[in-house]
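Please keep the sequence and the 3D view at hand while you read.

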Amino acid sequence: MTDTLATVGSRLAELVALPSVSCVDAAHDMSNADVVDTLAGWFGAAGFALERQHVAHGPDKLNLIARLGSGDDGLVLAGHTDTVPYDDSGWDSDPFTLSERDGRWYGLGTADMKCFFPIVLAALETIEPARLRRPLVMLATADEESSMAGARHLEQAGRRLGRHVLIGEPTALRPIRKHKGIAIGRIVLAGRSGHSSDPGLGANALDCMHEIIGDLKAWRAQAAEQYRDTDFAVPGPTLNLGCIRGGDSPNRICGECELMFDIRAVPGLDIDAALAELTAVVRARAAAAGIEGRLELPMAPLAALDTGADAALVRALETATGTAAASVAFATEGPFLNALGSESVIFGPGDIATAHQPNEYVEIARVAQMIDILRDLIERFCCHD
Ligand SMILES: [Zn+2]
């Protein structure tokens, strides 16, 4: 195991040294091609057939699909190649140089989730490809941290890669089968300004927004009652009023007003239907006030993850860890893969508490455990009848 871990460490160091930030702000957005090329070299050498998918978005962005065997009933080991941007000043060591301290590997993307790919390779070391009866697929995606463009691209291609999907996002080795979906909305109202002494001289966008906020709160109360799911710490859907801007002066009718909110939807709540309903509310209120109103979506909504409690991979990971599958508060690429008929479970050695912040690290002991667990899963799902 010592040699195996040393190899994992040196491969992880290579990946950490290749910047692959993805960001909705184009100024920070980078290509992930170097990471994909490195993975292609490793998995190609291990006998995998390689396929690169160009994701139509921003600078050079790629998904890599590496496959041993054919068919769509096997095991998929999936991860993203990108990291979030970093804040140089908060780090005790260079974020792009892997640093080992106190049984941990520090570096940008160690936990979330570059460590996953060297772990997959380590788990494969003792498995003879000729023994595979069902296919094993390694999927490395682009832009999970920003737009999920890589996973969206896969879903749009409409090809299921395998029945069982393990996504190695940081869960501290706890199997996760559920998370909420996310929608971000922006309501834009354009009325008419005028002198405050006579309301008839304009159309007040702030008054209209006040009515709409009442409707949003009523929708929220009703949804929380209708969609209760006690697998979540916050058991219902939420709608957060996040920021509002409007008007410029107390003695002028407010001509324009903008509100942004987010919805966190439990499984079962159809986000698209909810947004259609809220769009109709905005239009009706605006029309009644004689102003223009619309609901915009700055980001395409993300569906909730709801993999069945009795899915084979859920059960296998519960047995391997002695831990019941749970839910998390963050979103993943799982819903895109489940939409293709796969059963996705989120399970990785990093801890979400250390991700997306300075001094990100992964515990080396958990990396060693993850290698053993993955090896057993590959045996069970790909090598046995
Ligand atoms: Zn991640």
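How many bridges join β2 to β6, and do the two run parallel or antiparallel? Five bridges join them, and the strands run antiparallel. Keep in mind that this is a predicted model. Within this pairing, Arg67 stands opposite Val137 in β6.

**Strand β6**

Strand β3 (residues 75-80) pairs with β6 in the parallel sense, over six bridges. There, Ala78 has Leu139 of β6 as its bridge partner.

Is β6 enclosed or open? Six of its six residues are buried, so β6 is largely enclosed by the rest of the structure. Both faces are covered. Leu136, Met138 and Ala140 are buried on one side. Val137, Leu139 and Thr141 are buried on the other. In general, side chains in a regular strand alternate between the two faces of the sheet.

Neighbours within four places in sequence aside, Met138 is in contact with Phe43, Phe48, Ala66, Leu77 and Val120.

**The core**

Met138 also belongs to the largest nonpolar core, which has 101 residues. Met138 is among those with the most contacts inside this core, along with Ile119, Val120, Leu166 and Leu374. Helix α10 (residues 364-383) gives the core its largest share, nine residues.

Helix α5 covers residues 149-157. Its buried residues are Ala149, Gly150, Ala151, His153 and Leu154. What covers them? The cover includes β1 (49-54), β2 (62-68), β6 (136-141) and α9 (334-338). Just after α5, Gly158 takes a positive phi of about 70 degrees.

Now turn to a pair of helices. The axes of α1 (residues 2-16) and α4 (residues 116-124) come within 8 Å. They cross at roughly 145 degrees, and the crossing is right-handed. On the α1 side, Thr4, Thr7, Val8, Arg11, Leu12 and Leu15 take part in the meeting. On the α4 side, the residues are Phe117, Pro118, Ile119, Leu121 and Ala122. In an α-helix there are 3.6 residues a turn, so residues three or four places apart point the same way.

**A four-stranded sheet**

Four strands form an open sheet in the order β10-β11-β9-β12, with antiparallel pairing. Its edge strands are β10 (238-246) and β12 (292-302), each pairing on one side only. Neighbouring strands are turned by 15 degrees against each other on average, direction ignored.

Inside the sheet, β9 (residues 181-190) and β11 (residues 256-265) pair in the antiparallel sense over ten bridges. Ala190 has Glu256 in β11 as its bridge partner.

The table sets them side by side.

| Helix | Strands touched | Direction angle |
|---|---|---|
| α6 (residues 205-226) | β9, β10, β11 and β12 | about 175 degrees with β10 |
| α7 (residues 271-289) | β9, β11 and β12 | about 165 degrees with β12 |

**A three-stranded sheet**

Three strands form another open sheet, in the order β4-β5-β16, and the pairing is antiparallel. β4 (99-101) and β16 (361-363) are the edge strands; each pairs on one side only. The twist averages 25 degrees from one strand to the next.

Strand β5 (residues 104-106) pairs with β16 over three bridges, in the antiparallel sense. Here Tyr106 stands opposite Tyr361 in β16. Which helix lies across β5 and β16? It is α10, which runs at about 60 degrees to β16. α10 is also the helix that gives nine residues to the core.

**The whole protein**

Last, step back. The protein has 385 residues, of which 45% count as buried. It has ten helices and 16 strands. Along its principal axes, the C-alpha trace spans about 80 × 45 × 35 Å. Among contacts with a separation of 6 or more, 78% come from residues 24 or more positions apart.

Technical notes
Residues numbered from 1 in each chain as written. Core = buried A, V, L, I, M, F, W, Y, C linked by C-beta atoms within 7 Å. Buried ≥ 20, exposed ≤ 12 C-beta atoms within 10 Å, placed from the backbone. Contact = placed C-beta atoms within 7 Å. Pairing = 2+ DSSP bridges. Axes fitted to C-alpha atoms, helices over the stretch in contact; angles between N-to-C directions. Left-handed = near helix turned anticlockwise from the far one by under 90°.
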